[in-house]
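Here's a quick briefing to read alongside the model. Have the sequence and the 3D view open as you go through it.

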Amino acid sequence: MTDGDDVTNAPVTAMDVVRRARDREISGDDLVAVLLTWRFEPQHRTRGLTDDWESRPNSFDAVQYAFHLGLLDEDAYRRIADRAGRSEAGRE
């Protein structure tokens, strides 16, 4: 990231930041730094067949997506999860 860049330009969601990292618009270090300070919205889950299809782009779903894409290693994932108040058991 260069001086003057702001990875959190509004309007943006946590998923937007992850997509920017996926598209190499920001570095992995920047991704971790942003997600460590992000205020995530609650994840929404129903008890139906479509649970896996539902996601909230400003929830911890974005962190899980980044982890599954390989944008976050396990250590970064744990640090973000701990900061967000998520337990290891919350990881899917």
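Past its sequence neighbours up to four places away, Ser 59 touches Ala 14, Phe 40, Glu 41, Pro 42 and Gln 43. Keep in mind that this is a predicted model. Ser 59 sits in the loop between α2 and α3, and it counts as buried because its relative accessibility is 0%, below the 20% cut-off.

**The core**
- The largest nonpolar core is made up of 22 residues, and Leu 31, Leu 35, Val 63, Leu 72 and Ile 80 have the most contacts inside it.
- Each of α1, α2, α3 and α4 puts at least two residues into this core.
- If you skip neighbours within four places in sequence, Leu 31 is in contact with Val 17, Val 18, Ala 21, Ile 26, Ala 66, Leu 71 and Leu 72.

**Val 17 in helix α1**
- You'll find Val 17 in helix α1, which covers residues 14-22.
- Val 17 has a relative accessible area of 0%, so it is buried.
- Val 17 and Val 32 are 15 residues apart along the chain, and their C-alpha atoms are separated by 10.0 Å.

**Helix α3 and what follows**
- Helix α3 runs over residues 61-69, and its buried residues are Asp 61, Ala 62, Val 63, Gln 64, Ala 66 and Phe 67.
- The cover over those buried α3 residues includes α1, α2 (28-37) and α4 (74-83).
- After α3 comes Gly 70, which has a positive phi, near 85 degrees.

Definitions and conventions
Residues numbered from 1 in each chain as written. Predicted model: local features only at pLDDT ≥ 70, side-chain atom pairs only at ≥ 80, totals over all residues. Heavy atoms only, no water. Helix = DSSP H or I, 4+ residues; strand = E, 2+ residues; numbered from the N terminus. Buried < 20%, exposed > 50% of the residue type's maximum accessible area, 1.4 Å probe, protein only. Contact = heavy atoms within 4.5 Å. Core = buried A, V, L, I, M, F, W, Y, C linked by side-chain atoms within 4.5 Å.
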